[in-house]
Amino acid sequence: MKRKIAIGLGLGLITIVVTMTLIYYLLPGAVTKMAVAAGRSVAGLTERVVQVDDHRIAYLEGGKGETILLIHGYAADKDNWMQFARFLTPKYHIVSLDLAGFGESSRLPETSYDIQRQVERLNRFTEILKLERFHLAGNSMGGAIAGIYGAQYPQKVMSLALLAPAGIKSPEKSELTKMLERGINPLLISSADDYERMLKMVFVQVPVIPSPVKKEMAAQAIRNRAFNEKIMGDMLKKTLSLEPFLPEIHAPTLILWGDRD
């Protein structure tokens, strides 16, 4: 009897292991969703959705205290802040949104996604969520949006953090700038190889990403390629530099640049 029970438990364990292995390799989308859900849970964040005029905006929210609003960069999304946010939710109310045109927010082909329009949409988002005063942080494209927002809506911004913000001229052209001038956008992904090259470009040390998760992330970037290209076109048509707005920023501001940004 004991032997039968042991055999049954062993077979059950083998079935579980085989099933989980199949899910891991054959269903990368499911694995990625589980990984994202786990990360959000650790960070104390919950996904929510709100209608902002003609766009459905997805965002993450969690924690209590003064609000910190987080703005992601180009071709990124709200979950890019997960590892960062988990250190903040114990003391702050965190809001991280998918900007219109990115992540799980609406993509409307007939609409423009230039920087000024994104600043205006961001303000409408804060009005609808009744965020009257908050700290604001953004990286890359999100840094330009955050900086311009801070200049145009100074009464709302308690402090600013600009992390390698776009919209600033460098005395020495970056690798990205040189590529864009040649008509090459390394952030537009058409293949798994493109995705690997992009990771090596944006990280000094590429983080360990489980292969099924990386596969799904690459597939998602490929699916978003056409619309990301449209957004880049919108931004280039109505180029908006951050530099002229800097004198209008009155909030305490932290600007961070890595030595290899």
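# Exercises on a predicted model

Let's start with a contact: in this predicted model, the side chains of His55 and Tyr113 are joined by a polar contact of 2.8 Å.

## Exercise 1: His55 and its surroundings

Work out where His55 sits, whether His55 is buried or exposed, and which residues lie around His55.

**Solution**

1. Find the element. His55 belongs to strand S2, which covers residues 55-62.
2. Check the cover. The relative accessible area of His55 is 1%. Buried means under 20%, so His55 counts as buried.
3. Look at the polar partners. Besides the contact with Tyr113, the side chain of His55 makes a polar contact of 3.0 Å with the side chain of Asp54.
4. Now go further along the chain. If you leave out neighbours within four places in sequence, His55 is in contact with Val50, Ala100, Ser106, Leu108, Thr111, Tyr113 and Arg121. Tyr113 turns up here as well as in the polar contact.

## Exercise 2: Another residue of S2

Take Ala58 and find which residues Ala58 touches.

**Solution**

1. Ala58 is also in strand S2.
2. The relative accessibility of Ala58 is 0%. With the cut-off for buried at under 20%, Ala58 is therefore buried.
3. Skip residues up to four places away in sequence, and you're left with Glu47, Arg48, Val49, Lys78, Leu97, Asp98, Glu104 and Ser105 as the residues Ala58 touches.
4. Ala58 and Leu99 are 41 residues apart along the chain, and their C-alpha atoms are separated by 8.2 Å.

## Exercise 3: Two strands and a helix

Trace the path from S5 through H5 to S6, and say what kind of unit these elements make.

**Solution**

1. Begin with strand S5, residues 134-139, where five of the six residues are buried.
2. Find the partners of S5. Strand S3 (residues 67-71) runs parallel to S5, with four bridges between them. Strand S6 (residues 157-163) runs parallel to S5 too, this time with six bridges.
3. Follow the chain over helix H5, residues 141-152. Put together, S5, H5 and S6 make a right-handed β-α-β unit.
4. Check the length of H5. From first C-alpha to last, the twelve residues reach 17 Å, close to the 16 Å expected at 1.5 Å a residue.
5. See how covered H5 is. Eleven of its twelve residues are buried, including Met141, Ile145, Ile148 and Tyr149. The buried residues of H5 pack against S3, helix H4 (115-128), S5, S6 and helix H9 (225-237).

## Exercise 4: A residue in H4

Decide whether Asn123 is buried or exposed, and find the polar partner of its side chain.

**Solution**

1. Asn123 lies in helix H4.
2. Its relative accessible area is 7%. Since buried means under 20%, Asn123 is buried.
3. The side chain of Asn123 makes a polar contact with the side chain of Lys156, at 2.9 Å.
4. Leaving aside neighbours within four places, Asn123 is in contact with Tyr149, Tyr153 and Lys156. You've met Tyr149 already, as one of the buried residues of H5.

## Exercise 5: Zoom out

How many helices and strands does the protein chain have, and what share of its residues is buried?

**Solution**

1. Count the elements: nine helices and seven strands.
2. Of the 261 residues, 42% are buried.
3. Take the contacts between residues at least 6 apart in sequence: 71% of them join residues at least 24 apart.

Definitions and conventions. Residues are numbered from 1 along each chain as its sequence is written. This is a predicted model: local features need pLDDT of at least 70, side-chain atom pairs count only at pLDDT 80 or more; totals for chains, interfaces and linings use all residues. Side-chain values use heavy atoms; hydrogens and water are left out. Buried means under 20% relative accessible area, exposed over 50%, partly exposed in between (1.4 Å probe, protein chains only). Contact means heavy atoms within 4.5 Å. Two strands pair if DSSP finds at least two bridges between them. A crossover is right-handed if, with the strands pointing away from the viewer, the path from the first strand over the helix to the second runs clockwise. The expected span of a helix is 1.5 Å times one less than its number of residues. A polar contact is a pair of N or O atoms within 3.5 Å; within protein, one must be able to donate a hydrogen and the other to accept it, and residues adjacent in sequence count only if both atoms are side-chain atoms.
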